[in-house]
2 protein chains.
Amino acid sequence: MSEKESVSSSNASEEKPLLRKRSSICKASDSTCSSDAKNVQASKLDVNFRASAPAHKRLRESPLSSDAIFHQSHAGLFNLCVVILVAVNSRLIIENLMKYGLLIRAGFWFSSKSIREWPVLMCGLSLPLLALCSYAVEKMRIYFHIPESIMSLLHFVISTSSILYPVYIIMRVQPALIFGINLMLFSITYWMKLVSYAHTNYDFRCFRQENDKDEAISDAQHSNYPQNISLKGLAYFMVAPTLCYQASYPRTNRIRKRWVFRQVVKLLIFTGLMGFIIEQYVNPTIQNSQHPLKGNYVYAIERVLKLSVPTLYVWLCIFYTLFHLWLNIIAELTYFGDREFYKDWWNASTVEEYWKSWNMPVHRWMVRHIYFPCLRKGISRDGAVLISFIISGVFHELCIGIPCHMFRCWAFLGIMFQVPLMVLTNYLHNKFQSTMVGNIIFWVFFCIVGQPISVLLYYHDYINQKSFPIRS
Amino acid sequence: MSEKESVSSSNASEEKPLLRKRSSICKASDSTCSSDAKNVQASKLDVNFRASAPAHKRLRESPLSSDAIFHQSHAGLFNLCVVILVAVNSRLIIENLMKYGLLIRAGFWFSSKSIREWPVLMCGLSLPLLALCSYAVEKMRIYFHIPESIMSLLHFVISTSSILYPVYIIMRVQPALIFGINLMLFSITYWMKLVSYAHTNYDFRCFRQENDKDEAISDAQHSNYPQNISLKGLAYFMVAPTLCYQASYPRTNRIRKRWVFRQVVKLLIFTGLMGFIIEQYVNPTIQNSQHPLKGNYVYAIERVLKLSVPTLYVWLCIFYTLFHLWLNIIAELTYFGDREFYKDWWNASTVEEYWKSWNMPVHRWMVRHIYFPCLRKGISRDGAVLISFIISGVFHELCIGIPCHMFRCWAFLGIMFQVPLMVLTNYLHNKFQSTMVGNIIFWVFFCIVGQPISVLLYYHDYINQKSFPIRS
């Protein structure tokens with residue numbers, strides 16, 4: 001099996017141009033010339049490539065022994081990894097199909113049961129009324145000069161009810177998990193927008209008062225308060241793909257209708273793919289699993305590793321459909337110009353970099369309305385970061401805990417676990433001066449440890465809970 | 001779940017140096033200065049990072065929409081692939097262990113049965129006698145001036161018997177597969193060395209005669225014939241890690257004993273790993289399979305894909321132990337200087353490039369003793385390539401067919417299949433001007449199609465054959 005063989009030596013290709021040159025000169029000449037060219041070739045062959053010429057002429061190292069291997073391209077090895085991945089995944093797909101058949105049900109996304117969950121839809125549709133209240137409060141401030149403390153109280157009541165009202169509805173109606181999570185996501189987005197609206201307008205007023213004293217700092221952006229308080233402006237902010245309110249946004253000129261159509265088609269395809277992966281790969285694996293913190297650990301590791309690949313793919317689908325396709329479609333339809341909804345988080349060399357680049361709307365909101373206000377209050381940098389993560393953790397817990405009707409704090413703890421992880425990867429990044437180490441750690445926690453363990457924990461606590469009647 | 005959050009904005013890190021500079025100036029000063037620095041920071045925060053400052057300032061594209069994505073680094077995605085591969089493989093290892101337990105037997109490599117196969121060992125040990133015959137023929141030529149035709153006949157008889165004698169022994173003794181394959185590999189290596197020895201000495205004589213007529217071409221390398229015909233020189237050629245005879249080789253000065261020891265340890269580890277993979281992963285999969293060309297095709301594809309990963313790892317182990325470790329150890333012990341036993345074939349952008357770089361000893365032998373002699377005989381380039389592949393195919397068939405006691409020509413056809421594959425990848429390489437396409441095709445055929453299908457074909461024909469009594 002070790003006998004493999006050759007096609008033509010590299011030397012052979014070197015002699016080719018010479019031969020070609022020679023024969024092109026001869027082209028118009030007689031036939032003896034071409035035989036002459038043959039002789040030249042033959043004599044060259046005779047001297048350099050005959051058996052009596054030595055095959056080994058100098059000392060050479062094996063490629064794997066030499067240091068050069070570290071500076072060479074490894075593009076081939078990357079291709080090998082991709083090919084193995086495709087092979088392994090294809091086999092697992094075939095194995096899964098042979099074992100379970102097609103598991104997808106026609107009623108996976110919508111069924112007759114979905115109609116019973118109309119209060120969830122109604123709740124979502126009635127949330128914009130709270131934005132109207134917020135608008136009314138701001139308008140009243142302009143006409144009646146309500147003190148700031150009352151303003152804060154009113155905005156607090158309005159924004160808090162945008163969370164509590166959906167929570168109450170979900171607790172009462174107990175809708176299917178997917179509807180509950182979507183309503184919670186919608187209401188938290190709403191809450192963040194309302195907070196940003198109130199905070200920004202408050203800051204406009206502060207800025208005005210400061211500028212009355214000190215005229216040195218002036219910005220066109222701030223001067224048009226209270227003209228920015230309009231129903232149209234608020235409505236635009238509520239539908240635009242951003243969480244940060246500002247008086248005016250960078251806008252595009254036109255809607256590319258064909259482009260939107262293509263994105264919608266992609267959105268449908270990837271949502272379908274996501275549903276297929278969940279039904280066909282995630283569900284059977286979870287249902288055949290045991291609680292990850294109880295029972296055989298080797299078995300638990302096997303389950304977690306088996307789950308890690310489909311959950312990763314689902315996660316990438318969620319990222320692509322939500323952060324790329326969905327937000328871009330909304331942006332295109334609202335002429336919204338700043339499409340930086342994410343940065344290249346897949347290259348993140350530390351966990352900190354990942355959190356800074358993967359969800360830009362929330363990142364910007366956190367920086368603007370939590371992190372810098374904390375710094376201005378005299379809280380230290382680390383303290384401000386910790387507060388940001390606590391708020392993020394609470395919202396993650398709300399998003400998952402409420403629709404599951406339980407508070408196990410797994411989501412909250414998962415987010416808080418990012419803080420030591422961030423410190424660790426920052427330390428490693430500084431120590432090794434390499435982007436690779438942190439990036440690999442990030443991926444390991446992202447796709448092997450994080451997602452599948454959370455999914456298993458929530459699933460088992462969900463089916464084990466007795467306090468609430470289960471409806472899925 | 002879409003709510004993720006921020007740590008500190010990139011703007012925040014920009015302001016840091018300014019702040020640090022300011023405070024270092026103040027260091028020796030009084031405490032009011034430090035509060036002054038705080039005010040500077042506070043006013044900076046007030047202007048740039050307050051809620052009233054716009055968060056969206058200009059038009060920006062999403063990273064996945066922009067063309068820049070094709071020019072960015074994808075190091076993170078490579079890391080992701082590696083992490084997924086490790087996860088998937090770890091899971092398959094755990095699953096395999098839970099299903100089969102440890103399959104490796106103590107008597108896998110050597111058992112009491114091995115002693116019965118002493119004729120195989122004897123045959124291997126007696127092959128050097130043929131080298132002595134070859135030496136005797138060359139010596140006789142010097143003293144008795146035997147005509148070249150008789151010389152050719154004698155060398156043909158000697159070299160052919162170095163193949164036929166082991167074939168006869170294997171047919172009679174029917175040793176275990178692994179011993180049979182090793183003996184065939186050894187004897188084919190021997191055959192190639194004998195052919196090279198005879199051909200090179202013949203060419204030395206031709207060169208002398210030509211130089212008697214034409215003194216223009218002169219080379220120190222050729223002048224020392226017939227002094228190079230010595231027992232010592234032949235013995236060195238027979239043990240040196242090369243298939244091409246020449247009067248003298250580039251040599252090293254000393255043997256690095258520690259280095260050799262390390263390589264031997266690695267050799268043992270990787271040979272053990274190879275045996276483990278074969279016993280634990282390849283064998284169970286093969287034994288649970290059906291003939292790939294009969295029965296359910298989906299099932300066959302599943303088996304082939306399942307086999308592809310362990311056979312790839314075995315193949316990489318074979319490459320590493322044989323071409324890197326084993327040949328380097330031999331080279332070190334024989335002071336052999338030219339260690340280029342392989343090039344970076346994993347980056348090969350065409351199948352042709354792969355065959356030119358993966359087995360350099362055989363490649364050099366083919367170029368020197370088959371390809372260029374064919375060209376000199378007036379055979380076209382393509383014809384010479386085809387002849388090289390036919391010879392290679394015959395030897396592959398001998399290597400596997402004889403120890404399996406059957407000629408199904410799968411190995412021969414596998415090698416001949418490389419010719420159209422070579423044409424295809426060369427065409428694609430020229431068409432797309434990209435090294436990636438050819439490299440991916442090469443890996444697909446190398447690790448998914450080639451190895452596992454050959455293994456399955458030979459296994460099923462081996463256990464299905466009735467004409468020979470089976471002994472494994």
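Author: UniProt positions are given here in the numbering used for this structure, and such annotations may be inferred rather than shown by experiment. The model itself is predicted.

Reader: Which residue does the UniProt annotation "active site" cover?

Author: According to the unreviewed UniProt entry, the annotation "active site" covers His396(A). His396(A) is found in helix 15 (residues 381-404) of chain A.

Reader: What makes Ser159(A) count as buried?

Author: The cut-off is again under 20%. Ser159(A) stands at 6% relative accessibility, so Ser159(A) counts as buried. Ser159(A) lies in helix 7 (residues 148-173) of chain A. Leaving aside residues up to four places away in sequence, Ser159(A) touches Trp191(A), Leu194(A) and Val195(A).

Reader: Why are helix 12 of chain B and helix 18 of chain B called roughly perpendicular?

Author: The axes of helix 12 (residues 297-333) of chain B and helix 18 (residues 435-464) of chain B cross at roughly 105° and come within 8 Å. Angles of 65 to 115 degrees count as roughly perpendicular. Helix 12 of chain B and helix 18 of chain B are therefore roughly perpendicular to each other.

Reader: Which residues of helix 12 of chain B and helix 18 of chain B meet?

Author: On helix 12 of chain B they include Arg303(B), Leu307(B) and Trp315(B), and on helix 18 of chain B they include Trp443(B), Phe446(B) and Gln451(B). By class, this contact has 13 nonpolar, three polar and one charged residues.

Terms used. Residues are numbered from 1 along each chain as its sequence is written. Chains are lettered from A and ligands numbered from 1 in the order in which they are written. This is a predicted model: local features need pLDDT of at least 70, side-chain atom pairs count only at pLDDT 80 or more; totals for chains, interfaces and linings use all residues. Side-chain values use heavy atoms; hydrogens and water are left out. Axes are lines fitted to C-alpha atoms, for helices over the stretch in contact, and angles run from 0 to 180 degrees between N-to-C directions. Helices (H or I, at least four residues) and strands (E, at least two) are DSSP runs, numbered from the N terminus. Angles under 35 degrees count as roughly parallel, over 145 as roughly antiparallel, 65 to 115 as roughly perpendicular and the rest as oblique. Contact means heavy atoms within 4.5 Å. Ala, Val, Leu, Ile, Met, Phe, Trp, Tyr, Cys and Pro count as nonpolar, Asp, Glu, Lys and Arg as charged, and the others, Gly among them, as polar. Buried means under 20% relative accessible area, exposed over 50%, partly exposed in between (1.4 Å probe, protein chains only).
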